[in-house]
Amino acid sequence: MEKFDYTKISDDCVKCGKCKPVCTIFNINQDEATSPRGFIDLLGAYKRDELELDKTAKEIFESCFLCTNCVEVCPNDLPTDMIIEQVRSDIAKKYGIAWYKRLFFFLLRHRKIMDFMSKLGWMFQTCGIKIDAEKKSATPRFSLPIVKKNRALPYADSVSFLNKYPENIRAKEDVKKGRVAIFIGCMSNYTYTKTGDSLVKILKKLELDIFIPKKQLCCGAPAYFTGAFDTVDYLTKKNIEYFESWIDSVDAVIIPEATCSAMINQDWEHYLHNQPEWKERAKKLSSKIFMATKWLENNTDLKDMLAKSGKKFDQMVTYHDPCHAKKMQGIWKEPRELLKQNYVLKEMSDSNRCCGFGGVTMQTERFDFARAAGAPKAAMIRDTKAQIVSAECSACRMQITDSLYHADVDVVFKNPIELIAEALED
Ligand code: SF4
Ligand code: SF4
């Protein structure tokens, strides 16, 4: 099926309603208009020129969390998330993009300025720009997070991951098992830098040459989900050209982030669907690009190494499945396989339920929705009685940490890569 043919998608929706009970926004705003079936209906009407893209329609289309729950259950595989991503670009063209989002996307395009901001103590944080609902104005919050004992709050590191390490970290020539590149993602580069530190430790233990490509840019996901397609175009093409200059020299590019890996592996091609030459180039790269736990589990001796370490931690870990890992990339066994060698795993009641992050717009203009979607996740984590919640995704980390804080649940968040590195420590 042509993925972006709204009329055909609208015609193909058989109105069975299977998507409604699993829909993140419908569960907190029970209105047919904010359900997958409703979005599809409205988009069909928009394409037939029967619906104006007015402010109400804008708010409706911006309320989708892009969690892909609906795609997973739809008998006709209708790509609701993708057509919403497309219509958001029409919304951005018609209404423009708010100044604080433009500033954010400008920073994503200009690594050196972002590095400078991070040195000043600025970092990604939940609702970093908060909309004052009464005044309808945006208040930037460039503050460091409140540090509370035993909370899994961001590790403020004034040196980014990419600036901390040399471009090449070489294994001894006689034992070397291969060469991998790290794509780190902006949040692990600036905020959760321990994830990258841990990945370097693991790769060293595995005796792999590590390549840290210094000119990598943001994958473009925040801009893609917002409809800021000029930024997506710039970041995607710059990254593709750069990746092509060194991809043949590595066995794989590994990414300890669900959203960035899904963006590079799948959404670059979706975005480039009407630019065939670029789409082909993105597709060619994707065969070497992997989420970190998937590549480590399928291509190295890491699991055996963890088992042989004999370490058994008392802490109980519960694993949350990021939407961009399980639903988009089918990755859920691999992190659990690795973690269970050293930790007691306890499943939460619905690990597949979206955490409620939802992207930049949700985290700023619709934070009430993000909070409402986050509360059930915090409750199910509390019910496991685990001490640690893990997910290979910094967006989930930011949202879940905030939800736990507001529900007063004392559980620490760690990326599985951090937990694995701890298990390998001498
Ligand atoms: S992507 Fe998620 S929030 Fe959006 S319509 Fe589908 S299930 Fe609902
Ligand atoms: S599950 Fe698919 S076919 Fe059924 S109502 Fe939802 S979008 Fe339409």
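Helices here are DSSP runs of H or I with at least four residues, numbered from the N terminus. With that settled, I started at Ala 372, which I found in helix α21, residues 367–384. I'm working on a predicted model.

**Entry 1: Ala 372**

I looked up how open Ala 372 is: its relative accessible area is 33%, so I put it down as partly exposed.

**Entry 2: Thr 361**

Next I went to Thr 361, in helix α20, which runs over residues 360–364. Buried or exposed? I get a relative accessible area of 7% for Thr 361, which is under the 20% cut-off, so I call this residue buried. Skipping neighbours within four places in sequence, I listed the contacts of Thr 361 as Glu 62, Lys 101, Thr 226 and Arg 366.

**Entry 3: around ligand 1**

Which residues surround ligand 1? I noted Cys 23, Cys 64, Cys 67 and Cys 70 among them, along with Phe 39, Phe 65 and others. The elements that put two or more residues into this shell are α2 (24–28), α3 (36–47) and α5 (69–73). Sorting the shell of ligand 1 by type, I got nine nonpolar residues, three polar and no charged.

**Entry 4: around ligand 2**

I found ligand 2 sitting in the second largest cavity. The residues around ligand 2 include Cys 13, Cys 16, Cys 19 and Cys 74, and also Lys 15 and Arg 37. By type, the shell of ligand 2 divides into seven nonpolar, one polar and two charged.

Most residues other than glycine have a negative phi. I therefore wrote down the exceptions I came across, given that a negative value is what most non-glycine residues show.

Lys 15, from the ligand 2 shell, has a positive phi of about 60° although it isn't a glycine. I placed Lys 15 in the loop between α1 (6–12) and α2. Its relative accessibility is 36%, so Lys 15 goes down as partly exposed.

Asp 77 also has a positive phi, near 50°, and isn't a glycine either. I located Asp 77 in the loop between α5 and α6 (80–95). The relative accessible area of Asp 77 is 55%, over the 50% cut-off, so I call it exposed.

**Entry 5: the nonpolar cores**

How many residues are in the largest nonpolar core? I have 74, and Phe 61 and Trp 246 touch the most other members. Helix α13 (residues 229–246) gives this core its largest share, seven residues. I noted a second, separate core of 34 residues as well, including Tyr 165, Val 180, Ile 182 and Ala 252.

Back to Trp 246: leaving out neighbours within four places in sequence, I see contacts with Ala 181, Phe 211, Pro 213 and Val 253.

**Entry 6: Lys 414**

Last stop was Lys 414, which I found in strand β11, residues 412–414. What is its relative accessible area? I read 18% for Lys 414, and buried means under 20%, so this lysine counts as buried. Beyond its neighbours within four places in sequence, Lys 414 is in contact with Ile 388, Val 389, Ser 390, Ala 391, Arg 397, Leu 419 and Glu 422. I also checked Lys 414 against Cys 186: they are 228 residues apart along the chain, with their C-alpha atoms separated by 17 Å.

How values were computed: Residues are numbered from 1 along each chain as its sequence is written. Chains are lettered from A and ligands numbered from 1 in the order in which they are written. This is a predicted model: local features need pLDDT of at least 70, side-chain atom pairs count only at pLDDT 80 or more; totals for chains, interfaces and linings use all residues. Side-chain values use heavy atoms; hydrogens and water are left out. A residue is near a molecule or strand if one of its heavy atoms lies within 4 Å of it. Ala, Val, Leu, Ile, Met, Phe, Trp, Tyr, Cys and Pro count as nonpolar, Asp, Glu, Lys and Arg as charged, and the others, Gly among them, as polar. On a 1 Å grid over the protein atoms alone, a cavity is a set of points where a 1.4 Å probe fits but cannot get out, and a pocket is an open set with protein on both sides within 12 Å along at least five of seven lines; lining residues have an atom within 4 Å of a point. A molecule sits in a cavity or pocket if more than half of its atoms lie within 2 Å of its grid points. A nonpolar core is a set of buried Ala, Val, Leu, Ile, Met, Phe, Trp, Tyr and Cys residues joined through side-chain atoms within 4.5 Å. Buried means under 20% relative accessible area, exposed over 50%, partly exposed in between (1.4 Å probe, protein chains only). Contact means heavy atoms within 4.5 Å.
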